[in-house]
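Notebook open, new model loaded. I want to go from the overall outline down to single residue pairs.

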Amino acid sequence: MSQFEPNQEEVTSRRLFLGGVFAFLASVALIALGSFRFLVPNVIYGKNQRFKIGVPKDFPDKQATYLPEQQIFIVRDGETFMALSSVCTHLGCAVRTDPDKQGFFFCPCHGSKFKPDGTNYAGPAPKPLSAYEISMNNQGELVVDKRVQISPKEKYHI
Ligand code: FES
């Protein structure tokens, strides 16, 4: 055996050292990857919460018009408009217009009932349907903003 050839002990020691270095670098890389994941927001981008719904004449008087994509009812009473959520305040089922009571709403899941202004009056729903702000843009179109909840008494007058 030459003087420059490593003996078995040195080879084992070097392998252990290199294995340790590799394990350490792999750990650092995994931690860095895990940390990077927290920099990316965990958000699901949904539908726009502010949207145009059409001009006033699109909505028949004394009726609630259901807009399924936006999950709202547009309730028109003459010159006043209301945007009511169609999501039941009990467990979130889709509320419907009551075929037996003009202008009223009911929930088919557990029987909650709501007045034309969204006030709950029967069943397990703990509170009224949410009402959203309505405004009009420069083109004369009604715009609903679901980010702004209002009192049902604050109807929009055209
Ligand atoms: S979800 Fe509407 S009454 Fe229960």
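**Entry 1: outline.** I'm working with a predicted model, so I keep that in mind throughout. I looked up the overall dimensions first: the C-alpha atoms fill a box of roughly 105 × 40 × 20 Å along the principal axes. The radius of gyration comes out at 31 Å, whereas a compact globule of 158 residues would have one near 15 Å. I also checked burial, and 18% of the 158 residues count as buried.

**Entry 2: domains.** Where is the chain divided? I find domain 1 at 1–45 and domain 2 at 50–157. Their centres, taken over C-alpha atoms, are 61 Å apart.

**Entry 3: the core.** Which residues of the largest nonpolar core touch the most other members? I72, A83 and L84 do, out of 22 residues in that core. I then asked which elements give two or more residues to it, and got strand 3 (72–77), strand 4 (80–85), strand 9 (131–136) and strand 10 (142–150). In general, nonpolar side chains in soluble globular proteins tend to be buried together.

Setting aside neighbours within four places in sequence, I72 is in contact with L67, A83, L84, S85, S86, Y132 and V144. So A83 and L84 turn up again here, because contact is counted for C-beta atoms within 7 Å.

**Entry 4: around strand 10.** Strand 10 pairs with strand 9 in the antiparallel sense, over six bridges. One pair I picked out is E133 with its bridge partner D145 in strand 10. The hairpin of these two strands has five residues between them, and G140 takes a positive phi near 80° there. Strand 10 also pairs antiparallel with strand 1 (residues 50–54), over four bridges. There I noted L142 in strand 10 as the bridge partner of G54.

Entry 5: Two bridges join strand 5 to strand 6 (residues 105–106), and R96 has F106 of strand 6 as its bridge partner.

Key
Residues are numbered from 1 along each chain as its sequence is written. This is a predicted model: local features need pLDDT of at least 70, side-chain atom pairs count only at pLDDT 80 or more; totals for chains, interfaces and linings use all residues. Domain bounds come from an automatic or database domain assignment. Two strands pair if DSSP finds at least two bridges between them. A nonpolar core is a set of buried Ala, Val, Leu, Ile, Met, Phe, Trp, Tyr and Cys residues joined through C-beta atoms within 7 Å. A residue is buried if 20 or more other C-beta atoms lie within 10 Å of its own, exposed if 12 or fewer, and partly exposed in between; C-beta atoms are placed from the backbone. Two residues are in contact if their C-beta atoms, placed from the backbone, lie within 7 Å. The radius of gyration is taken over C-alpha atoms; the globule rule is 2.2 Å times the number of residues to the power 0.38.
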